[in-house]
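Please examine the sequence and the structure displayed here before reading on.

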Amino acid sequence: MQLTDRYGRVATDLRVSLTDRCNLRCSYCMPEEGLDWLQKETLLTDDEVVRLIRIGVELLGITEVRFTGGEPLLRRGLADIVRRTAALQPRPETSLTTNALGLARTAATLAQAGLDRVNVSLDTIRRDTFREITLRDRLDDVLEGLAAAKAAGLGPVKVNAVLLRGVNDDQAGELLGWCLAHGYDLRFIEQMPLDAQHGWDRDAMVTAEEILAALQTRYTLTPAREPRGSAPAELWAVDGGPATVGVIASVTRPFCGDCDRVRLTADGQVRNCLFARDESDLRSAMRDGADDQEIADRWVIAMRGKLPGHGIDDPTFLQPDRPMSAIGG
Ligand code: SAM
Ligand code: SF4
């Protein structure tokens, strides 16, 4: 069985949110006071998470598993979940999207557990701007985390950055220069309407076109040869390569037609899209005693309802009820 939708797309990339909590407060994601966190009893246990991943891998053709959140490093059982995921057959690729707080301590353990790669979110290398965006003075911890990830072999280490107008949109070239110097692959992501505060403003959003124009004042960018395929980043060779920079134009150049993703929330709901308005409750099915095949069947049905696109630019667009931090970015 495969996770195929009505438009012929096949989901093979599973994003697993391990918690909705976070120790930063990035303004495009979460309000200063935090959110009403998911109740403990609704969260999947480690065994339940691993069971659903196993069903995805063994019965439904999942080949890549990315752990995210909230901040996945806050999940106590993370290393064990990674280890059990990497032991599945056929072995899925495993990766982590993280803000890197605490990664300096855990990178080696995670690599030993079978983690293949990390993506670290970092929007600036200036301490004051970091504090302004995240409301925490933790830039040094992130930089240490990045270095530890590289040293542990969790590469190629990718850096994800969101640019905010009037805050860090003048720092695109600086961040790229820093990533090139440290051997990290930088990708800029257009800001999406997924913040809990509903503060997203299409007109204020820094577009991919603007990001590229800003980078081109410092670097020569040429399209990198590999086709984009289902990878959302458009890649550009920097000054002739081999280094590249990516731009993920989720809003202005959506890649929904090539999407191969499916998401599992920390409370066991399958979402066929970041922007889906429906979820499928695998947790209740599991706790009511469903066997693996029944859960797989529900999952397959959940994928059938996947819409052709996210419709952000459609006047009838409605932001999903859950913010990014509770879906798993
Ligand atoms: N806490 C981890 C982190 O920050 O990497 C994992 C979860 S976070 C929700 C995953 C990614 O989503 C991060 O790279 C973050 O920059 C991105 N993100 C969060 N809110 C966003 C938004 N409104 N638009 C675009 N990207 C967003
Ligand atoms: Fe936390 Fe990641 Fe959201 Fe920032 S983007 S508040 S690090 S979950």
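Predicted model: local features only at pLDDT ≥ 70, side-chain atom pairs only at ≥ 80, totals over all residues.

Residues are numbered from 1 along each chain as its sequence is written, chains are lettered from A and ligands numbered from 1 in the order in which they are written, and side-chain values use heavy atoms, with hydrogens and water left out.

An open sheet of mixed pairing is formed by 12 strands in the order 9-10-11-8-7-6-5-4-3-12-13-14. Strands are DSSP runs (E, at least two residues), as are helices (H or I, at least four), numbered from the N terminus; two strands pair if DSSP finds at least two bridges between them. At the edges lie strand 9 (221-223) and strand 14 (280-281), each pairing on one side only. Strand 14 is joined to strand 13 (residues 269-271) by two bridges in the antiparallel sense, and Asp281 is the bridge partner of Gln269.

Around ligand 1 there are 17 residues, of which Tyr28, Gly70, Glu71, Ser121 and Met192 come nearest; a residue counts if one of its heavy atoms lies within 4 Å. Polar contacts are pairs of N or O atoms within 3.5 Å. A side-chain N or O atom of Ser121 is 2.5 Å from an oxygen atom of ligand 1, and a polar backbone atom of Gly70 is 3.0 Å from a nitrogen atom of ligand 1.

Gly70 also belongs to the residues around ligand 2, together with Cys22, Leu24, Cys26, Cys29 and Asn99.

Technical notes:
Polar contact = N/O pair within 3.5 Å; in protein donor to acceptor, adjacent residues only side chain to side chain.
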